[in-house]
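Trainee: I am new to this structure. Can we go through what its labels rest on?

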Amino acid sequence: MTEEHVNNTEVRSLPRIGDAAPQFEAVTTHGNLKLEDYKGSWVVLFSHPADFTPVCTTEFIGFQNISADLKELNTELLGLSVDSISSHIAWVRNIEENFGTKIEFPVIADLSMDVSKKYGMIMPNESSTEASRAVFVIDEKQVVRSIIYYPLSTGRNMDEILRLVKALQTADEHQVATPADWQPGEKVIVPPAATQEGAEERMNNKDYECVDFYFCKRDL
Ligand code: BEZ
């Protein structure tokens, strides 16, 4: 990974959609884990700014609430913040005591910021001591498939994260795209025609609902 400094800010080559997910080994609430341990499963790797903070607490409960649905999609959750392992353990115990939710996914204690810097989770001009609210969706071949960033002040939408994983997997399985606000069970977008003949064919395809040659939907 290349590194340079611009205006005293460390600039790294950060993972982008389509890149191989940067490998790491980390200390977590479930013991030491490597990203490569997850090969064959999808991973939602997410960072949160700090333990024992209210927005993060609501997010942890939210992530736990979607974890069973994610598991059905062969997708594992992996949390991260730059807090210590003792802090993580105390916080997840506290969440269970106060809110009745047992956090079952592992949480990385990234005190060295090794993982968070590799993934560009630290936004130095927002906070140099906390990770932002980043979400990396990594597929079963360990390719980064989607990246979401939210600021410290705004909790993420769990339904959207679940929808995103479903949409990515649907696109892979059926070679289609999904429209705005798509929900499973709804029509999907047929990929664009590559030729004039292909455009003609799709307009005449009874299984497609076409408004124009570039805009066709179909049921799965
Ligand atoms: C929170 O989770 O409540 C929070 C964390 C860091 C900054 C602002 C809010």
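Mentor: Start with a term. A polar contact is a pair of N or O atoms within 3.5 Å, where one must be able to donate a hydrogen and the other to accept it. Keep in mind that this is a predicted model.

Trainee: How many residue pairs meet that rule across the interface of domain 1 and domain 2?

Mentor: The rule finds four residue pairs in polar contact there, both residues at pLDDT 80 or more.

Trainee: What makes the count of salt bridges between the domains what it is?

Mentor: A salt bridge needs a side-chain nitrogen of Lys or Arg within 4 Å of a carboxyl oxygen of Asp or Glu. Between domain 1 and domain 2 the count is zero. Yet the side of domain 1 that touches domain 2 has four charged residues, along with two nonpolar and one polar.

Trainee: Where do the two domains lie in the chain?

Mentor: Domain 1 covers 3-173 and domain 2 covers 175-220. Their centres, taken over C-alpha atoms, are 34 Å apart. Seven residues from domain 1 and 10 residues from domain 2 take part in the contact.

Trainee: How much area do the domains bury between them?

Mentor: About 640 Å², with 56% of it on carbon and sulfur atoms. On the domain 1 side, R163, T170 and A171 lose the most area, together 67% of what that side buries.

Methods: Residues numbered from 1 in each chain as written. Predicted model: local features only at pLDDT ≥ 70, side-chain atom pairs only at ≥ 80, totals over all residues. Heavy atoms only, no water. Domains from an automatic or database assignment. Contact = heavy atoms within 4.5 Å. Buried area = accessible area lost by both parts, 1.4 Å probe. Polar contact = N/O pair within 3.5 Å; in protein donor to acceptor, adjacent residues only side chain to side chain. Nonpolar A, V, L, I, M, F, W, Y, C, P; charged D, E, K, R; others polar.
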